[in-house]
Amino acid sequence: PDGSAQQVSAVDSTDILYVGLWGKGLKKSLDGGTSWADANTGLTNFFFNDIFVSSDNKVYISTMGGIFLSTNQGGSWSALNNGLGILNVTCVRQYKTGMLIAGTYGQGIYISTNGGTLWTQSNTGLPYRAISSIGISKVGYIVASTYGGGVYQSHDRGRRNFAFFLF
């Protein structure tokens, strides 16, 4: 949008574009990228790792200062960090039941069953805890990639065990 290096981006179901500029803030576009506006109200950290838009258009931003949620298309943001042992959050994804799964750089996986109000660590079987990304398979397996430590999957929604995934 302003010539800065884009760090992360996402599009919601109404075609609103979100672009995080590393260290500079969040921009959004309502017209396919022709014009951009700041969308930073309530954000306290501009070092973005990921943007995730849920199926109901809730926007989650993972930053080096925690997780932020917007329920009004980026009009304002609220921090969702209660229970996180570390605020360097690399990604957030939503399971089909509504459960949220967050990856961190250093403390592994956190799960929230109440919309991000409270997070609980869930790392059984996950020896390497620098999470780079999280995916959810069509059958509901949670797949967590790490920075240099391999890929792990959980068949029980991350509740009890992650196992190393061999290709």
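**Close-up views of a predicted model**

**View 1. The open sheet E5-E6-E7-E8.** Four strands, in the order E5-E6-E7-E8, make up an open sheet with antiparallel pairing, where strands are DSSP runs of E with at least two residues, numbered from the N terminus, and two strands pair if DSSP finds at least two bridges between them. Strand E5 (48-53) and strand E8 (78-79) are the edge strands, each pairing on one side only. The model is predicted, so that local features need pLDDT of at least 70 and side-chain atom pairs count only at pLDDT 80 or more, whereas totals for chains, interfaces and linings use all residues. Residues are numbered from 1 along each chain as its sequence is written, and side-chain values use heavy atoms, with hydrogens and water left out. Between E5 and strand E6 (residues 59-63) there are five bridges in the antiparallel sense, and aspartate 50 has serine 62 of E6 as its bridge partner.

**View 2. Strand E14 and its two partners.** Strand E14 (residues 142-146) is mostly covered, with four of its five residues buried, that is, under 20% relative accessible area with a 1.4 Å probe and protein chains only, where exposed means over 50% and partly exposed lies in between. Strand E13 (residues 131-136) runs antiparallel to E14 and is joined to E14 by five bridges, isoleucine 131 being the bridge partner of threonine 146 in E14. The hairpin of E13 and E14 has five residues between the strands, and glycine 140 takes a positive phi near 95° there. In the hairpin of E14 and E15, which has four residues between the strands, glycine 148 in the turn has a positive phi of about 85°.

**View 3. The largest nonpolar core.** This core, a set of buried Ala, Val, Leu, Ile, Met, Phe, Trp, Tyr and Cys residues joined through side-chain atoms within 4.5 Å, has 14 residues, of which Tyr18, Leu26, Leu43, Ile51, Ile61 and Trp77 touch the most other members. Strand E1 (6-11), E5 and E6 are the elements that give two or more residues to the core, and the largest share, three residues, comes from E5.

**View 4. Asparagine 88 in its loop.** Asparagine 88 lies in the loop between E8 and strand E9 (89-94). The side chains of asparagine 88 and asparagine 49 are joined by a polar contact of 3.2 Å, a term for a pair of N or O atoms within 3.5 Å in which, within protein, one must be able to donate a hydrogen and the other to accept it, residues adjacent in sequence counting only if both atoms are side-chain atoms.
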